[in-house]
Amino acid sequence: MAVIVIAEDEFLLADMLVAFLEDAGHHAIAAPNGLAALDLVRKHDTDLIVTDFMMPAMTGLEFAQAVRNDDTKSHIPIVLVSGAQASIGRAHPTMFDAVFDKPYVLERLLETIEELLAKRRD
């Protein structure tokens, strides 16, 4: 069972994503911003991160940079899900392993998550 940390300040979206990923057999933990998510990543053996871009306290880009700068966590795949800022994510391919525009198709997001997790296991 993969541990997935979700950084999303829209609570309904975060809850829906947690439920969807848990139904798919993963353990998902949500945080309301990048700073809180960074704390979760440090406390848990995290397999993958899903992050929004625009959040209070720390943006998705700042969160991804903090993860990438941590030698013990830099290997974790990071998926960005964002509305208007998805293009910023695509401009930073070393930060994000995949970028989805909101609204996204949950099944396609799950396919990408499964692909990234499979690559990590190889």
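This is a predicted model: local features need pLDDT of at least 70, side-chain atom pairs count only at pLDDT 80 or more; totals for chains, interfaces and linings use all residues.
Residues are numbered from 1 along each chain as its sequence is written, and side-chain values use heavy atoms, with hydrogens and water left out.

**Stop 1: helix 1.** Select residues 11–23, which form helix 1 (helices are DSSP runs of H or I with at least four residues, strands are E runs of at least two, and both are numbered from the N terminus). Its 13 residues reach 18 Å from first C-alpha to last, close to the expected 18 Å (1.5 Å times one less than the number of residues). Now colour Leu13, Ala14, Leu17, Val18 and Leu21, the buried residues of this helix (buried is under 20% relative accessible area and exposed over 50%, with partly exposed in between, using a 1.4 Å probe and protein chains only). They cover an arc of only 135° around the axis, which puts them on the same side of helix 1 (the arc is that of directions from the helix axis to the C-beta atoms). Turn to the other side of helix 1 for the exposed Phe11, Leu12, Asp15 and Asp23.

**Stop 2: asparagine 33.** Move on to the loop between strand 2 and helix 2, where asparagine 33 is found. This residue is buried, with a relative accessible area of 13%. Show its side chain: an oxygen there lies 3.0 Å from the backbone nitrogen of leucine 35, capping the N-terminal end of helix 2. Beyond its neighbours within four places in sequence, asparagine 33 is in contact with Ala7, Met55, Pro56 and Ala57 (contact means heavy atoms within 4.5 Å).

**Stop 3: helix 2.** Select residues 34–43 and pick out Gly34, Ala37, Leu38, Leu40 and Val41, which are buried. Seen down the axis of helix 2, its buried residues fall within an arc of 160°, so they line one face. Arg42 and Lys43 are exposed on the face turned away from that buried side.

**Stop 4: strand 3.** Finish at residues 48–51, strand 3. Which way do its side chains point? Leu48 and Val50 point one way and Ile49 and Thr51 the other, and all are buried.

Definitions and conventions:
A polar contact is a pair of N or O atoms within 3.5 Å; within protein, one must be able to donate a hydrogen and the other to accept it, and residues adjacent in sequence count only if both atoms are side-chain atoms.
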